[in-house]
Amino acid sequence: NPVKAIYAYGEKVWPISEPEPTEYYIKWTPSDVSGIFTIAGEARFLQSYNGYYNGPFSSRNVAESGVGVPYYYIDKGAFASTNILAIETNIRYVSGGAFQGCSSLQTVKMPGRYVLNGAFMNCTELQTISLSELQNLHPFTFEGCTKLRYVYLPNVTVIGPDYGAFSNCVNLLSVSLPKCKIIDDYGMAYCGIYEISLPEISRINGHAFYSCSNLSTIYLGNTIPTLGERVFLGTQITSSTGSIYVPISKLLAYKSASGWSHYSNRIFPIPQSINKL
């Protein structure tokens, strides 16, 4: 039988996209929570929908493969500051601040092909996120999500530019970005992260990890990334207490590479007991 999908760490990594659904929906819990949300420009009472809403939705036409097609999206600030605990949707486009300030929100499950600035800002109870189609991580997406500890984003390829998607996530221990190729200027700045895995990274721009004071461990792959200015300023790597782990076959190349040679005494081979790449 043909393979229909491939999963890693519980997330679908192939195919990235699914066919457009025949019905769009948003589900939330608890189903009897009170409050107001805004979809298609109209304010609606949460308690009127028993935890399930299936339209109408806001839409715009976009060009894909030269053909204008509609896409449906969650409005800017749609659920901001409501008391929902969990959200699930098959809508792929989430406007800025859509769930900002949802201080009870713990779980998010959605494709997330496009999730704009500050979508989950200050969701202080957020612990579990599933954004299987997300490819570009925008500024402040998870700023102030102080309960986030482990993040796995299987299809993100670009972070930034501008200030950190995880800024002020003070308890964030580890982020795994297995397909990320570019971290743009200030892309992870002010992040509370302790550890990050970037096996496919090819470019890290200036101040990418600026003021990530907890950052002590980075895992990199076989491609030696282009390194911008002051990438690790304010991290434990700059203060010579952190570690950069690379494949043993590339150890000497990293130690002598432009930019990386400055950290040569902090570059080590990935221990065989650790499977990060």
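In this predicted model, strand β19 and strand β21 (residues 217-220) pair in the parallel sense, and four bridges hold the record of that pairing. Within it, Ile-196 stands opposite Ile-218 in β21. Strand β19 also has a parallel partner in strand β17 (residues 174-176), to which three bridges join it, and here Ser-176 stands opposite Ser-197 in β19.

Which residues of strand β19 are buried on one side, and which on the other? Glu-195 and Ser-197 lie on one side of the strand, Ile-196 and Leu-198 lie on the other, and all of them are buried, so that both faces of β19 (residues 195-198) are covered. In general, the strands of a sheet pair through backbone hydrogen bonds, and they do so either parallel or antiparallel.

Parallel pairing is also found in an open sheet of five strands, whose order is β14-β16-β18-β20-β22. Its edge strands, β14 (136-137) and β22 (226-227), each pair on one side only. Inside this order, strand β18 (residues 182-183) runs parallel to strand β20 (residues 203-204), and two bridges join them; the bridge partner of Ile-183 in β20 is Ile-204.

| Strand | Partner | Bridges |
|---|---|---|
| β17 (residues 174-176) | β19 | three bridges |
| β18 (residues 182-183) | β20 (residues 203-204) | two bridges |
| β19 | β21 (residues 217-220) | four bridges |

Aromatic side chains are the second topic. A pair of aromatic rings is described by the distance of the centres and the angle of the planes. The structure holds 24 aromatic pairs, and one of them is the stacked pair of Tyr-25 and Tyr-52, with 5.7 Å from centre to centre and 10 degrees between the planes. This pair links distant parts of the chain, since Tyr-25 sits in the loop between β2 (11-14) and β3 (26-29), while Tyr-52 belongs to strand β6 (residues 52-53), 27 residues apart. Tyr-25 is buried, with a relative accessible area of 16%, whereas Tyr-52, at 33% relative accessibility, counts as partly exposed.

The rings of Tyr-53 and Phe-57 have their planes at 85 degrees and their centres 5.2 Å apart, and the pair is therefore edge-to-face. Both Tyr-53 and Phe-57 are buried, and both belong to one aromatic cluster, whose other members include Trp-28, Phe-37, Tyr-49 and Phe-166.

Key. Residues are numbered from 1 along each chain as its sequence is written. This is a predicted model: local features need pLDDT of at least 70, side-chain atom pairs count only at pLDDT 80 or more; totals for chains, interfaces and linings use all residues. Side-chain values use heavy atoms; hydrogens and water are left out. Rings of Phe, Tyr and Trp (its six-membered ring) pair if their centres lie within 6.5 Å; planes under 30 degrees apart count as stacked, over 60 as edge-to-face and the rest as tilted. Buried means under 20% relative accessible area, exposed over 50%, partly exposed in between (1.4 Å probe, protein chains only). Two strands pair if DSSP finds at least two bridges between them.
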